[in-house]
Amino acid sequence: MTVSQAEDTMTVARWIGSLEAGWRARDAEAIAALFTDDAVYHQGPYGAPHTGRAAVAEHWRRTLSRQKDAKMWFGEPLVSGRRAAVEWWCVLYDPATGAPRNAAGCLALHFAADGRCESLHEYWHGAPDQALEPAEGWLR
């Protein structure tokens with residue numbers, strides 16, 4: 001691994017750590033600060049993306065309003081220059097009913113030179129009424 005590759009990997013790891021911290025703190029603004037002003041955030045392959053930091057913040061405010069007591073795990077990112085992919089897993093609870101939900105997915109990321117994300121594609125699968133932690137070896 002070259003110095004540049006190591007730096008890129010460290011930058012991505014810090015970004016993921018900041019995303020996780022913002023999620024745990026339920027801080028949509030802290031999460032939005034990880035994105036460029038003109039970032040494009042695709043949640044799944046269908047529908048219009050959330051475009052711009054303000055739209056990312058609003059997306060996360062709505063998302064956080066539908067969950068409580070989130071537990072999350074992130075795998076080791078795969079990094080190639082300013083692109084990265086990382087698997088994630090979470091257990092969430094509905095704030096109204098307390099019902100658990102599982103979700104697991106992958107983020108495909110492209111970073112600006114300053115280390116903020118300029119493009120995110122998120123793919124995930126959900127499992128209602130479950131609170132399962134990742135199977136051993138799932139996140140590598």
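This is a predicted model: local features need pLDDT of at least 70, side-chain atom pairs count only at pLDDT 80 or more; totals for chains, interfaces and linings use all residues.

R26 lies in the loop between α1 and α2, and although it is not a glycine, its phi is positive, at about 60°. D129 likewise is not a glycine and has a positive phi of about 60°, but its place is in the segment after β7, and at 59% relative accessibility it counts as exposed.

**The nonpolar core**

The largest nonpolar core has 30 residues, and the members that touch the most others are W15, W23, F35, W60 and L109. Two or more residues of this core come from each of α1 (3-25), α2 (28-32), β1 (35-43), α3 (53-65), β3 (68-74), β5 (83-93), β6 (100-111) and β7 (117-128). For W15, once residues up to four places away in sequence are set aside, the contacts are L34, F35, L109, F111, G115, C117 and L120.

**Helix α3**

Helix α3 has 13 residues, which at 1.5 Å a residue should span 18 Å, and the distance of 18 Å between its end C-alpha atoms agrees with that expectation. Its buried residues are V56, A57, H59, W60, T63 and L64; they cover an arc of only 160° around the axis, which puts them on the same side of α3. As a general point, an α-helix has 3.6 residues a turn, so residues three or four places apart point the same way. A54 also belongs to helix α3, yet this residue is exposed, with a relative accessible area of 62%. Between A54 and A28 there are 9.9 Å in space, C-alpha to C-alpha, for a separation of 26 residues in sequence.

**The hairpins**

Strands β5 and β6 pair in the antiparallel sense over 11 bridges, and one of the bridge partners is P100 in β6, which pairs with Y93. The two strands form a hairpin with 6 residues between them, and G98 in the turn has a positive phi of about 80°. Strand β6 is also joined to β7 by 11 bridges, and these strands run antiparallel; here H110 has S119 in β7 as its bridge partner. In the hairpin of β6 and β7, 5 residues lie between the strands, and G115 takes a positive phi near 90°. G115 is also among the residues that W15 touches.

**The cysteines**

With a disulfide taken as a pair of cysteine sulfur atoms within 2.5 Å, the count comes to 0 disulfides. The sulfur of C90 is 14 Å from the closest cysteine sulfur, that of C106, and this is too far for a bond. C106 in turn is in no disulfide, and the nearest cysteine sulfur to it, that of C117, is 13 Å away. The two residues are set out below with their accessibility.

| Residue | Relative accessible area | Class |
|---|---|---|
| C90 | 1% | buried |
| C106 | 27% | partly exposed |

C117, whose sulfur is the nearest cysteine sulfur to that of C106, is itself among the contacts of W15, and W15 is one of the core members that touch the most others.

Notes. Residues are numbered from 1 along each chain as its sequence is written. Side-chain values use heavy atoms; hydrogens and water are left out. A nonpolar core is a set of buried Ala, Val, Leu, Ile, Met, Phe, Trp, Tyr and Cys residues joined through side-chain atoms within 4.5 Å. Buried means under 20% relative accessible area, exposed over 50%, partly exposed in between (1.4 Å probe, protein chains only). Helices (H or I, at least four residues) and strands (E, at least two) are DSSP runs, numbered from the N terminus. Contact means heavy atoms within 4.5 Å. The expected span of a helix is 1.5 Å times one less than its number of residues. The arc is that of the directions from the helix axis to the C-beta atoms. Two strands pair if DSSP finds at least two bridges between them.
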